[in-house]
Structure formats: C-alpha cells, structure tokens
Amino acid sequence: MVEVHLWSGLRSLTGGQEVVRVQAATTGELLRELVRLHPQLQAPIDAGVSVAVNGRIIAAGLSEPIPEGAEVYLMQRLRGG
Amino acid sequence: MALDDRKSRFTFVGTRPNRPDGLDKVTGRARFGADVTAPGMLFGAILRSPHAHARIVRIDTSKAEAHRDVKAVVTRADFADVPFKPGLEGEFWNVLENVMAGEKALYDGHAVAAVAASSALAARDALKLIEVEYEVLPHVTDVDKAMAPDAPVIREGAADYSVPEGMHPNVVRYHESGHGDVEAGFAEADLVIEDHFVTEATHQGYIEPHACLASLGADGKGELWCCTQGHWIVQKTCAALLGIETAQLRVTASEIGGGFGGKTTVFIEPVALALSRKANRPVKIVMSRSEVLRATGPTASASMDVKIGMKKDGTITAAQGVFRLQGGAFPGAPGDMTAMCAFAPYNLTNVRQVGYDVMSNRPKQAAYRAPGAPMGAFAVESVIDELCKKLGLDPIEVRLKNAAREGTKASYGPTYDRIGLVETLEAAKGHPHYSAPLKPGQGRGVACGFWFNHGGETSVSLALSEDGSAQLMVGTPDIGGSRASMALMAAEVLGIPYENIRVTIADTATLGYNDVSHGSRVTYASGLATIKAAQHAVEKLCERAAAKWGIPVDAVKWENGCAVPSGPNAGDFDPLPLAEITADMGRTGGPISGHFEATPEGAGVSFGTHIVDAEVDPETGKTSITRYTVIQDAGKAIHPAYVEGQYQGGAAQGIGWALNEEYIYGEDGRLQNPVFLDYRIPVASDLPMIDTVIVEVPNPGHPFGVRGVGETGIVPPLAAIANAVSNAAGVRMRQLPMSPPRILAALKGNG
Amino acid sequence: MTKHHVTTTVNGDTVEYLCDARETLLDCLRDKLNLTGAKEGCGTGDCGACSVTLDGRLVCSCLVLGVEAEGKQIETIEGMARDETLHPLQRKFIDHAALQCGVCTPGVLVAAKALLEKNPDPTEEEARYWLAGNLCRCTGYDKIIRAVLETAAELREAS
Amino acid sequence: MQYHRPASFAEASDLAAHATGITRFLAGGTDVLVQLRSEIVTPDTLIDIKAIDGVRDIARHADGSWTLGVAVTGAEMSEHPQLGREWPGVVEAMDLIGSTQVQGRATLTGNLCNGSPAADSVPAMVAAGVTATVTGPAGDRVVAVEDIPTGPGKTSLAQGELISALHIPARGASGGDAYLRFIPRTEMDIAVVGVGVNLRVDGDTITEARVALGAVAPTVLLVEDCTRALIGTTLDHAALAALAAAASAACKPIDDKRGTIEFRTEVAGVLAKRAAKIAYARAKGETA
C-alpha cells in the first residue's frame with residue numbers, strides 16, 4: 001500500500017480525505033486506483049496531474065515504479081515558459 | 001530510467017566553444033519566421049476586434065471577396081468544428097476560439113476574419129472592406145473586478161471541478177494546498193505582517209513577431225514553416241483545428257527570434273492554413289508589433305495577499321498566501337503555479353496557499369518564463385524583507401535560517417531531493433556585492449526564487465557519417481544556443497571534437513514527437529536524450545570493434561573517441577577510432593545511428609538568489625539599477641556562456657517587469673500601449689552589467705547533473721528590485737511596475 | 001495605383017525595384033531584393049532590428065520609404081563581411097556569446113559598426129546610449145556591450 | 001497615396017494647395033511613417049521636401065543668428081561644431097528624440113509640425129525664441145514657433161502652407177539655454193514632462209528669461225510667471241522655489257499611459273529648477 005497525499009483543494013472530492021491509501025506499483029496504477037476509490041478525482045486527473053515519488057516529480061509518465069513505502073504526492077500538472 | 005552513468009569529469013562539457021549557428025546569425029543569413037517565400041505565395045492579414053467584449057452580429061466579407069487582389073477570406077466558419085470537452089480537447093476549443101472568434105469578440109485585438117491577397121498592402125487594404133456588426137457588451141479587465149459579483153460574465157460554464165460553489169463564473173480554476181496549522185503558527189510568531197500586492201500583465205516581448213508560411217491543399221496535406229517554441233504542438237493543434245490528420249501536416253520550425261513562453265501555442269498558423277486551403281496557394285502571415293501586443297502573450301496580472309509570521313530570531317512560524325491571477329478571456333492563468341512556487345524556498349511547518357484562475361476581457365495569457373512564479377515571489381519576498389527590517393535581521397541570514405534543503409518538506413508537498421538553495425545563499429552572502437558600500441539614495445535588495453523545471457516528451461536521433469562526423473537531430477527549437485549545448489554533450493559521449501557534430505532542429509516529418517522548448521527543459525531533456533542517443537551509437541560502435549577483433553562485445557569499452565579492449569584480458573588491440581569504424585560501416589553491418597525516445601522524468605528543481613542595488617530620485621521617483629548580481633544553481637553548466645546569458649536575460653526581463661513594463665487598458669477596455677514606444681522594455685542604457693555566479697549542485701536525475709536554467713532567473717528579480725527600491729525610497733512598494741508616478745506618489749504619502 | 005521605379009545602391013551593387021509609395025525601404029529590401037537580414041520587430045522605429053545605413057547615416061529602414069532610396073547608398077548586414085572575412089564585430093559577437101536568439105543581432109551589428117566608425121573609443125555609457133535604439137530581449141545587453149567595447153579596443157590596437 | 005518630390009518650396013506649396021484629402025510633408029519621416037504604418041494617418045498626398053535646395057543647410061549669419069533648413073537632422077545638428085556651443089539646449093532637446101537611428105532622420109521642423117505637446121525640441125525652441133518662415137500660396141510669412149502648434153496633432157498652417165526654414169536668434173552675450181525632460185527609461189520614450197529654459201544674465205542677475213513647458217497642456221506653454229519668478233534674481237533658493245511653483249501652477253496636464261496629472265504637475269517644477277540651474281551656469285560661462 002502507498003499513501004497518496006492530495007493537495008488540499010481535492011478534499012472536497014474525496015469526502016474530506018487528504019491522504020488516500022491505494023495498492024499501486026506504478027504511477028498509472030496509482031491514478032487508476034485513485035479514481036476507482038474516488039470517482040470524482042477523474043476530473044482533476046483529466047485536467048492534468050503530476051505525481052511526486054520520493055521527491056522526484058513525474059510530470060506525465062504512467063509507468064514509473066512506486067517503491068513500497070514511497071512518499072507520494074499528487075500535484076497539479078506543471079507548465080513551463 | 002537508469003542513471004548509473006553519472007559523470008563528474010568532463011572534456012567538452014563546461015567549455016565555451018562558438019555556437020554552430022553563429023555565422024548565419026551575424027551575417028543576416030539565418031532564416032527566421034518571416035524570412036522565407038514560396039512560389040505563388042499570397043500575403044495574409046487578420047481583422048481584429050476593436051471592442052473588449054462584443055457579440056458578433058454579422059460579418060459581411062463580400063466586398064473584400066470582390067477585390068481583385070484578394071484570393072481568399074476566412075472567418076470562424078472555415079475552421080473545423082472542434083468539440084468542446086474538458087482536458088486537451090477543451091484546450092483545442094479554447095485555442096480555436098482565440099485564433100478566430102466565434103459568437104463573441106472577447107478582447108481588444110481578438111481575430112474575427114482574415115484575408116489572403118497578392119501583396120501585403122492589398123491584404124491590409126482588403127481588411128477595411130470587411131464589415132462587422134458588433135453588439136458591444138459590458139467588459140472587465142481587472143482581476144479583482146472580474147471576481148466581483150456584478151462583473152460581466154466572460155463565458156458561462158468555463159469553470160472546472162475545482163472551483164468552490166458561490167464563486168463568480170469568471171473564476172475558472174481554484175487551487176489550495178499546504179500543510180500544518182497556519183493559525184497556530186501565526187500565534188507563535190513575534191511579528192506577523194500581512195500585505196496586499198499587485199502586479200500588472202507584461203508581455204514576453206520577443207523581438208520577432210509571429211510569422212508563418214502555410215500551404216494546405218484540398219487533399220489534406222500541408223506544409224507549415226513558422227517561428228515556434230515547439231512545432232509538434234503546432235502540428236497537433238493546427239491539424240485538429242483544420243480537421244486534417246496530424247501526420248499529413250509537416251511543420252518546420254524556423255530560427256526563432258525569442259519566445260520566453262509566448263510561442264508555445266498557435267495564433268496565426270491555423271489562419272494561414274485555412275486561407276491557403278481556400279486560395280489553394282501558399283500564404284504567409286506576419287504579425288505587426290501591435291498585433292503581437294494586443295493578441296498574443298501576455299503573462300497574467302495578479303492581486304495577492306500574503307501573511308507571514310516570524311520569531312525574533314528570524315524563524316518563520318507560518319506563511320499564507322492568496323494569489324488571484326487574471327489570464328484573459330480563457331482558462332489558464334497559472335494561479336496554481338504561483339501558489340505552489342511562492343513559499344517553495346522555505347522550510348515551513350505551517351503553510352497554506354490558494355490560487356485563483358480568473359477570466360477577463362484581455363488576450364489569452366501565455367506562458368512567460370516560470371509562469372506564475374515571479375508574482376508570488378514578489379509578494380512573499382517583500383513581506384520577508386519587511387519582517388527582517390522590522391526585526392532588525394539580515395535578509396540573507398533569515399533566508400538561510402529558513403532555507404529548504406535536501407529532506408525538507410516542500411511547501412507544495414513532497415520532500416526535496418538534493419537542491420542548491422543554501423549554496424546560492426552562501427554565495428550571495430560571500431559575494432563582494434553584498435558587502436559593498438551604498439551611496440546615499442541607494443538601496444539594496446535580495447530575494448530568492450524557485451522554479452520546478454520540466455522534462456517532457458523527447459526524441460533525438462544521431463547518425464554517424466563515414467568520415468567520422470556526426471549529425472544530431474533534435475526537436476526542440478534552439479532559442480538561446482541549445483545546439484551548442486547538444487553538440488557538447490554528444491561530443492562528450494562520442495569522444496569526437498565538438499566541431500565534428502552538426503546539430504539540426506528536425507522538422508515534424510523527420511523525428512518523433514517532441515514537447516515544446518519550455519519549462520527550462522531543453523538542456524535537461526533533449527540533452528539527456530542526446531546523451532542516450534550517443535550512447536546508443538557507441539554501443540553499436542563497440543559491437544563493430546568487437547566483431548573486427550573477434551572478441552565479445554562486453555570486452556570492448558569506449559574511451560576518448562576510440563573502441564579499446566576493456567582490460568588486459570580482453571586482448572591486445574590498438575585503439576580503434578570512431579572514424580575508422582564508420583569508414584567501413586556500410587560493409588560491416590550498415591549505417592550506425594543512435595536514437596532515444598522517452599519522457600525523462602528527472603528534471604531537478606532549481607533556486608536562485610539575486611542581489612540588486614537601486615537608486616531612486618526622490619524628486620521624480622525615477623529608479624536606476626546600479627548593480628545586479630544573479631546567483632543560480634544550474635546543476636551543471638554545459639556551455640557556461642549561454643547559462644550566464646540566460647541568467648542575465650532573466651534579470652533584465654525582471655527589471656523591465658519591476659520598473660516599467662505593463663499592460664495599460666483604458667476605460668473602453670482597449671489596450672493603450674500596443675507599441676514598443678509605450679510598452680517599455682529595458683534598453684541598453686537602462687541597465688548595468690549583470691554579474692553572474694553559476695552554482696553547480698548536480699541534479700540526480702540527469703547523467704551530467706543538468707537542471708534547467710532558463711526560467712528561474714526571472715523569479716527573484718521583481719522581489720529583489722522591489723526590496724532595493726523600497727529600501728532606497730524608505731517606503732514599501734506593493735504594486736508593480738514601480739513606475740516613477742507610483743514611486744513619487746508613495747514618497748508623497750498618497751500612493 | 002502607379003508604382004515607382006527606384007534605382008539605388010545596396011552593399012555596392014546597383015539594384016532596381018518597383019514599389020508602392022507606402023512601402024518602406026525595409027519592405028523593399030526584404031520583399032523585393034530578398035535581403036532579409038534586416039528584420040521588422042516593430043515597424044515604428046522603436047526596436048532597431050531593421051537598422052541599415054543610408055548614405056553612411058544609421059537609420060531604421062522601417063522609417064524610410066522605398067521610394068526615398070532613389071540614388072542613395074545603402075549598407076545592410078549582408079554587406080558587413082568582406083568576402084570570407086567577418087567584420088571584427090561579427091567575429092567578436094560569436095566569440096563572446098553576444099547573441100541568443102539572434103534576431104536583433106543584424107541590427108545591433110550595423111549600429112555598432114556605425115558607432116565604432118564615428119567613435120573608435122566609446123565608453124560603456126556611450127555604447128549603451130548609442131545602442132539604446134536596438135532592443136534585445138534575450139541577453140540583458142551585457143555580452144553585447146562587452147563585445148562592442150572589446151572590438152573597439154582590438155581595432156584601436158590594430159590601427 | 002501620391003508621392004511627390006518637388007524642387008522648390010513654391011512647387012511644394014502649389015502641390016499642397018491643390019491636393020485633395022490628407023496631405024503630409026515628408027522631411028525625416030519619423031512621425032509620418034509611423035502613422036502610415038500603423039494606419040493612423042494614411043495621406044492621400046505625400047510631399048517629400050528633401051530634394052529642395054538648401055534644406056540640409058545650417059547657416060550662421062553675420063549677426064550671430066542661425067537659419068536651419070527644414071531637413072536638417074538631429075544628428076547633423078549634434079555634429080555641428082558651433083551650433084551646440086551657442087544653443088546647447090536646442091541641440092540637446094533635439095538629440096533627446098528617439099534613438100541614434102531616429103536622429104539620422106528626424107528634424108526640428110517635423111517635430112514641430114507633428115503637433116505633439118510632448119515634442120522635445122519645441123519647448124527648447126520656444127524658450128530660445130525660434131521663428132519659422134512659412135511658405136504658402138500668398139508668399140512667405142514669419143511665425144513664432146509657439147504659434148505653430150494649436151493642439152495635439154494640429155497646427156496653424158493653412159492648406160498649401162509649409163515651413164521652409166527655421167531661425168534661431170543670435171545667442172548674444174551672457175546667455176544660456178537648457179532643456180530637460182522626464183522619461184521613465186533612459187532613452188526611447190516620449191517626454192512625460194519637458195522644460196526648456198533660456199536666460200540672459202548681467203553679472204549674477206538674470207535679466208531675460210523664457211521658460212517653456214512641454215507635455216503638460218494641449219500645446220507647449222510659454223510661461224510668463226516663470227519669467228517673472230526669475231528676472232532680477234540670482235537664481236537663489238527663493239527664485240527656484242518661485243520658478244517651480246509657477247511652472248507647476250501653469251500645468252494643465254492629463255492622466256494618460258505616460259503619466260498622471262499629479263506627477264506631471266510636480267515634476268514640471270522639479271525639472272524647471274534643474275534646467276534653470278544649467279541654463280544659468282551656461283549664461284555665466286560656467287560649464288554645465
């Protein structure tokens with residue numbers, strides 16, 4: 001299991017939870033599981049999210065591994081100039 | 001990806017060779033967006049709304065169509081019917097709506113129709129023959145007014161899932177994040193300062209206006225030449241807007257005369273393609289400067305409230321910020337980025353940040369160098385400076401005391417890997433600039449800044465020639481010398497001289513997909529891909545050597561441009577230089593190339609600290625910048641001269657933003673200053689030399705340690721200059737630009 | 001509308017073109033003579049990207065009509081290098097990384113050459129004011145000014 | 001647009017007198033071409049006066065007065081060995097306009113006839129007492145520079161009239177002039193406030209003074225109260241304060257993208273003091 005930290009703006013979509021525990025070995029699985037547990041998270045995920053795994057920000061990749069016990073944060077998709 | 005090949009000793013990387021495109025650019029030979037022609041070419045021109053907000057009742061193009069020099073006229077009806085859905089397709093709809101107005105003109109300068117004619121003059125004249133009937137609607141251009149209950153609605157239903165109920169429909173996205181308990185944190189503080197800050201919209205100000213040459217036939221096959229930061233996004237977007245297949249549109253990126261984020265989308269390209277399809281001839285469109293200022297860019301304007309609590313020893317106990325960003329008539333203002341970056345330099349137990357994306361009757365904002373970050377840094381670093389002053393603390397010591405480092409929980413959530421903020425602060429503290437005496441009337445300011453940097457989809461191809469030279473094809477347009485950096489990195493891996501490598505920005509037909517040159521990603525991501533592609537070629541070179549020597553390939557290694565036996569047991573063979581292997585390659589297995597396609601996910605965040613001295617004329621409020629020092633973590637500087645150039649350019653743009661650049665709208669909602677005469681970017685005589693210090697704290701996510709350098713340099717200047725000006729003037733400046741009338745008003749106590 | 005026939009000299013070559021009275025010298029150089037080194041950054045004389053010399057005088061070619069060029073001597077960036085040899089300013093700009101995107105570079109070089117011909121030993125301040133009409137958005141001017149001053153020093157030493 | 005290149009002012013006047021629609025004269029073109037390109041003003045008739053004999057001449061007469069041809073550029077004025085020594089304020093005002101490139105084209109006459117209240121050279125010319133020869137269908141007349149512009153973009157010249165020469169009075173003994181303007185950058189901006197001062201002294205005492213303000217009213221203002229504040233004084237603190245007050249009081253500015261009413265009013269006084277100090281030092285033969 002990994003604990004996924006959401007940004008606080010998402011709490012209204014998860015019944016107030018800011019940390020969601022999911023079973024996932026990759027970033028793609030993680031996003032799928034999040035939506036399965038909290039269907040309302042589909043909208044922000046469609047709008048674009050990044051996943052920070054142990055501090056490394058995965059901008060888009062769905063196949064990045066998530067080690068057991070990793071620190072995982074869901075973040076808004078980054079944009080650059 | 002596996003990054004087992006981290007390198008710290010370099011032969012080519014870190015040197016300063018001449019850039020490969022230097023000769024073309026100093027002789028006028030380099031071909032920019034507007035510099036090409038095609039046989040039978042027509043000239044396009046675009047009619048733009050004079051109103052900030054108006055329903056388009058009727059467009060009559062018959063008189064223009066009847067003009068003998070006019071070969072095509074297009075309106076919104078000539079574009080594909082792009083479905084309006086959330087996500088990427090929704091963004092296509094937004095782009096289409098911006099490229100050519102539908103039911104409403106949403107800002108002064110919004111395109112409403114276009115013509116193609118046999119000369120540029122004829123095209124401009126023909127625009128006057130198009131009759132547009134408008135029903136003028138109430139408009140709003142200010143961010144706070146756009147959020148007010150009585151504000152005109154730009155578009156119903158534009159808000160996404162994130163916006164809390166009860167907000168005005170112009171609020172289209174909402175971000176909230178943080179950790180800890182800010183109220184408890186403020187209660188612990190010895191001093192809490194809360195203040196309101198405002199920044200105006202600024203334009204990226206690239207000197208080259210948007211330009212393109214388009215050719216599209218009824219068979220759905222097209223060619224497009226344009227100045228862009230990313231031709232694959234142009235290809236994808238134009239194909240969608242024109243209703244053709246992506247692969248049928250070949251897009252070539254011209255030399256690009258600056259972008260800074262403003263050339264990451266399309267404006268005229270789909271219009272030129274639509275005109276070309278209708279006229280069945282190539283069409284060139286070149287924007288005028290006033291079109292650039294009225295209808296492209298700019299960055300968002302911001303209204304911000306920041307509250308920070310500090311103990312007497314300088315410890316920050318809590319920080320909170322509300323950042324409202326206005327991004328024009330479409331969703332996209334980076335309020336979320338402002339919020340996430342604002343407090344990122346600090347190790348905070350209690351932090352909360354809120355960002356709003358607000359629509360108004362202005363042009364669709366475009367990314368501008370670390371989009372969203374400079375505004376937030378301005379507000380936060382101003383409050384920290386004020387706290388330091390009131391508590392009698394040194395601004396660098398306070399920043400060091402609170403600085404984020406490896407293991408710190410970032411204000412936006414995750415834990416930092418190896419980062420270089422402390423190193424930039426230590427370098428600032430020890431820099432002679434920081435201890436240099438100030439003259440009367442002068443003030444010194446310091447500020448820190450943060451930016452994420454980005455990876456993105458990347459494809460690179462490297463092909464070796466028989467004579468041992470190499471051609472490298474990358475897909476990220478070279479804005480500031482990246483071809484030189486790519487060649488250096490390839491030279492480092494291949495072990496052949498820098499000069500033997502020719503780097504080309506490949507078109508969309510000759511290389512796989514590449515994300516835009518943005519997010520400071522080019523040296524990081526295309527660089528990483530170049531290294532991988534070169535390593536791929538080296539593997540093949542080693543295979544050929546192994547076959548020639550009749551030893552296993554794992555008994556061969558690559559050293560200084562030669563295949564050599566990996567150890568004494570591998571056999572006794574003379575080093576086999578690259579050129580000797582390639583000379584025979586056609587007969588030893590075929591051409592040798594290396595490729596790499598991936599989305600590198602290891603971009604390293606970066607920090608900078610700036611020191612600036614400003615002098616304020618107390619009688620006129622005029623500011624001059626007398627000394628400027630940029631200190632920034634590059635991770636690893638591949639070509640230090642162009643890293644310095646990025647630092648200096650970021651600082652210069654920051655000086656413009658801080659002092660004089662602003663979008664000025666009249667009561668009528670029209671842009672008052674759409675010319676360089678009144679949109680005042682810094683000129684040579686406005687600036688001092690800009691000193692730079694390159695700090696190198698390697699990024700663990702890149703084989704050579706590269707972090708992006710393009711964007712972070714514009715994050716600290718607004719704040720650093722505001723602090724310097726406030727210290728010089730003796731009064732806190734909370735609104736940008738700090739133009740002389742604003743400073744003089746502040747000095748006289750009525751600002 | 002009748003067009004005007006213009007005969008003029010560009011980089012030592014006699015050239016002819018037909019132009020509308022409204023067309024600028026910049027339009028004529030770029031669209032009729034295919035000399036695209038001079039750029040239109042603003043069309044209002046505010047950016048200097050279209051700098052050329054007209055009878056030896058530095059001007060913005062966007063502020064000169066094509067028809068006014070009749071009988072004049074025009075020098076553009078394309079005429080700055082003599083055969084294979086770059087002008088010292090051109091060489092120094094490459095050596096000093098004094099360009100990033102390069103779109104302002106032709107105008108800056110033409111203007112800097114005019115400066116050094118008038119004033120072989122400019123101060124930093126003189127160089128900055130002389131080049132104030134040449135906007136550069138990439139470099140912050142630092143490396144441009146250094147390249148100009150170092151070229152001046154080199155030329156003084158050589159003469 | 002019809003383009004003409006007459007060989008004489010009489011011919012130019014005749015062309016203009018018989019033209020229909022909008023007529024513009026082309027000297028340096030740094031305003032005409034900007035307006036043309038931006039489609040603010042597209043003339044029907046454009047009369048290029050640079051082929052007329054003598055328009056590029058700078059002549060100093062035996063009495064010390066000067067005549068400047070209408071196509072003399074700012075660069076040519078700055079390069080003239082003697083003009084700038086006698087009338088540094090006029091030359092510096094002209095030199096402040098635009099870039100080096102613009103200096104290669106722009107003219108005093110064009111700056112005047114463009115009718116901008118913010119024109120840099122005009123306050124300096126008004127302070128200096130410059131006059132213009134106006135050639136028209138009825139012949140020539142001489143007009144004070146301050147009587148040419150009548151409002152933003154407007155002049156008192158009738159159809160068929162054009163300026164054919166500018167005349168700067170003899171500098172004379174113990175005189176000095178200066179022009180200062182305020183702009184937000186160091187170059188390339190339009191004046192937010194401009195002040196021209198022209199003085200004569202007898203010993204330390206000011207005996208003649210003309211002060212003109214730009215960009216603070218629909219036309220450049222020649223301010224009599226500023227003259228009164230200076231004459232008879234040695235430019236002491238009281239005189240400077242009175243000058244600043246008179247300058248600020250004369251302002252009738254607008255709020256626009258370049259400055260506010262408050263700012264322009266305040267800074268007009270500041271610049272008047274600073275310009276007066278420079279002109280005073282010059283009148284006394286001190287370098288400034």
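How many salt bridges are there between chain C and chain B? The count is 5 salt bridges. The legends below describe views of a predicted model.

**View 1. The contact between chain C and chain B.** On one side, 46 residues of chain C take part, and they are in contact with 53 residues of chain B. About 4,100 Å² is buried between chain C and chain B, and carbon and sulfur atoms give 58% of this area. Three residues, Ile94(C), Gln100(C) and Arg137(C), supply 21% of the area that chain C buries against chain B, more than any other three residues. The size of an interface is often given as the accessible area lost when the parts come together.

**View 2. Polar and charged pairs between chain C and chain B.** One salt bridge joins the side chains of Asp35(B) and Arg30(C), with a distance of 2.6 Å from N to O. Across the interface of chain C and chain B, 24 residue pairs are in polar contact, with both residues at pLDDT 80 or more. On the side of chain C that touches chain B, at least two residues each come from helix H2 (88-95), helix H3 (105-118), helix H4 (124-130) and helix H5 (142-158) of chain C. The residues on this side of chain C are 21 nonpolar, 10 polar and 15 charged.

**View 3. The contact between chain B and chain D.** Here 23 residues of chain B are in contact with 21 residues of chain D. The area buried between chain B and chain D is about 2,100 Å², with 51% given by carbon and sulfur atoms.

**View 4. Polar and charged pairs between chain B and chain D.** The interface of chain B and chain D holds 9 salt bridges. In one of them, the side chains of Asp617(B) and Arg274(D) meet at 3.0 Å, N to O. Between chain B and chain D, 13 residue pairs are in polar contact, both residues being at pLDDT 80 or more. Helix H20 (residues 740-747) of chain B gives the most to the side of chain B that touches chain D, with 3 residues. That side of chain B is made up of 8 nonpolar, 6 polar and 9 charged residues.

**View 5. Helix H18 of chain B.** Helix H18 covers residues 640-659 of chain B, which is 20 residues. From its first C-alpha to its last, helix H18 of chain B reaches 28 Å, close to the 28 Å expected at 1.5 Å a residue. H18(B) is mostly covered, with 20 of its 20 residues buried.

Conventions: Residues are numbered from 1 along each chain as its sequence is written. Chains are lettered from A and ligands numbered from 1 in the order in which they are written. This is a predicted model: local features need pLDDT of at least 70, side-chain atom pairs count only at pLDDT 80 or more; totals for chains, interfaces and linings use all residues. Side-chain values use heavy atoms; hydrogens and water are left out. Contact means heavy atoms within 4.5 Å. Buried area is the accessible area (1.4 Å probe) that two parts lose on being put together, summed over both. A salt bridge is a side-chain nitrogen of Lys or Arg within 4 Å of a carboxyl oxygen of Asp or Glu. A polar contact is a pair of N or O atoms within 3.5 Å; within protein, one must be able to donate a hydrogen and the other to accept it, and residues adjacent in sequence count only if both atoms are side-chain atoms. Helices (H or I, at least four residues) and strands (E, at least two) are DSSP runs, numbered from the N terminus. Ala, Val, Leu, Ile, Met, Phe, Trp, Tyr, Cys and Pro count as nonpolar, Asp, Glu, Lys and Arg as charged, and the others, Gly among them, as polar. The expected span of a helix is 1.5 Å times one less than its number of residues. Buried means under 20% relative accessible area, exposed over 50%, partly exposed in between (1.4 Å probe, protein chains only).
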